[in-house]
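Here are some notes for a colleague who is opening this structure for the first time. They are set out as numbered points, to be read beside the sequence and the model.

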Amino acid sequence: MTGIFNKYLCLVFVKLGGIFELSTFVVPLAYNRLLTLNTDLVEQLSCAHLDMIADRLSTDGYLLLPNALPKSLLSALQQRVQSLAPENWRSAGVGRAQQYQVNQQIRSDKIHWINATNEAEAIFLSLMDQLRQGLNQRLYMGLFDYESHFSIYQSGDFYQKHIDALKGRSNRVLSTVLYLNTDWQAADAGELLLYAQDGEQILAKVAPNYGTLLIFLSEQFPHQVLAANRDRYSIAGWFRVNNNRSGIVDPTR
Ligand code: OGA
Ligand code: MN
């Protein structure tokens, strides 16, 4: 009950924070859906969690949350990703819009873009929207939207060292990676290496353990995915700022 109270208190702040954003009004509706899946969800993004995430982002620029999401949502997402048929996956590419191209020397994973037509995906997106609003309120990041995809790295797949902010009008400012692999063993490899801005010093070696959420500033942290020895599932996502100018829509992908 306290959790629910905190949550609504949090929302009041979001509203007071100004801007009658549509999403502010959509969130309470989303709670009803969240609640049908697991009441714990209401506890997950309390003001305290958001304060902690904002603090760590402003001091270190990245953080790792080993148990960020409720179990019921994780298992719904895991079932969803494992139920995707081969035709639902496409080879991942690099670059966006006209520059988009598949280059298997750089990355060899396959992806499936997330959208709200699937229930588990919709709940994930609404939780990430709470995070977006909570961070905007605390850090004035001006996060405007969030795009994300499931990834599968099959045995031997990798993603070479890269930066998530796309070339040109860089608009990806905050990256998230959520892992959906139960019983991941050290011998399974497939870690994400997070580098300091110099691209040399390794700051973290992240095993793709079930429920781990990594959050980092997109422009500051080169990273790479080492080849795994079994199928490896993740959800990579990016909060973007709005770079639309004079009626020209900045493409998401
Ligand atoms: C990405 C990425 C990391 C991972 O898709 O940009 O860095 O561990 N993914 O899936
Ligand atoms: Mn990346």
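**Notes on the predicted model**

1. Start with a pair of helices. Helix H4, residues 47-59, packs on helix H6, residues 119-139, at an angle of about 60°, and their axes are 10 Å apart. That angle makes H4 oblique to H6. The crossing of H4 past H6 is right-handed. Please keep in mind that this is a predicted model.

2. The residues of this first contact can be picked out in the sequence. From H4 come Leu-50, Asp-51, Ala-54, Leu-57 and Ser-58, and they meet Gly-134, Leu-135, Arg-138 and Leu-139 of H6. Sorted by class, the contact of H4 with H6 holds 5 nonpolar, 2 polar and 2 charged residues.

3. H6 has another helix to consider. The axes of H6 and helix H5, residues 71-83, come within 9 Å and cross at roughly 130°. H5 passes H6 in a left-handed crossing.

4. On the H5 side of that contact are Leu-73, Ala-76, Leu-77 and Arg-80, and on the H6 side are Ala-120, Glu-121, Ile-123 and Phe-124. The contact of H5 with H6 has 6 nonpolar and 2 charged residues, and no polar ones.

5. One further residue of H5 deserves a look. Gln-82 is found in helix H5. Is Gln-82 buried or exposed? Gln-82 is exposed, because 12 other C-beta atoms lie within 10 Å and a residue with 12 or fewer counts as exposed. Between the C-alpha atoms of Gln-82 and Ile-152 there are 9.5 Å in space, although the two are 70 residues apart in sequence.

6. Tyr-140 lies in the loop between H6 and strand S4 (145-153). Its phi is near 50°, a positive value in a residue other than glycine. Tyr-140 is exposed, since 9 other C-beta atoms are within 10 Å.

7. Positive phi also turns up in another loop. Ala-189, which lies in the loop between S6 and S7, has a phi near 55°, again a positive value in a residue other than glycine. Ala-189 counts as partly exposed because it has 17 C-beta neighbours inside 10 Å.

8. Glu-191 is found in the loop between strand S6 (172-179) and strand S7 (192-195). With 19 other C-beta atoms within 10 Å, Glu-191 is partly exposed, because a residue is buried if there are 20 or more. Leaving aside neighbours within four places in sequence, Glu-191 is in contact with Lys-205, Val-206, Ala-207 and Leu-226. Lys-205 is 14 residues from Glu-191 along the chain, and their C-alpha atoms are separated by 6.1 Å.

9. His-162 has its place in strand S5, residues 159-162. Which residues does His-162 contact, leaving aside its neighbours within four places in sequence? They are Pro-222 and Gln-224. His-162 is partly exposed, with 13 other C-beta atoms within 10 Å.

10. The model also contains a ligand. Around ligand 1 are Ser-151, Tyr-159, Asp-164, Val-177, Leu-192, His-223, Val-225, Ser-234 and Ala-236. Strand S10 (223-225) and strand S11 (232-240) are the elements that give two or more residues to this shell. By class, the shell around ligand 1 has 5 nonpolar, 3 polar and 1 charged residues.

11. Some totals close the note. How many helices and strands does the secondary structure of the protein come to? There are 6 helices and 11 strands. Of the 253 residues in the protein, 30% are buried. Among contacts in the protein with a separation of 6 or more, 78% are accounted for by residues 24 or more positions apart.

Methods:
Residues numbered from 1 in each chain as written. Chains lettered and ligands numbered in written order. Predicted model: local features only at pLDDT ≥ 70, side-chain atom pairs only at ≥ 80, totals over all residues. Axes fitted to C-alpha atoms, helices over the stretch in contact; angles between N-to-C directions. Helix = DSSP H or I, 4+ residues; strand = E, 2+ residues; numbered from the N terminus. Parallel < 35°, antiparallel > 145°, perpendicular 65-115°, else oblique. Left-handed = near helix turned anticlockwise from the far one by under 90°. Contact = placed C-beta atoms within 7 Å. Nonpolar A, V, L, I, M, F, W, Y, C, P; charged D, E, K, R; others polar. Near = placed C-beta within 6 Å.
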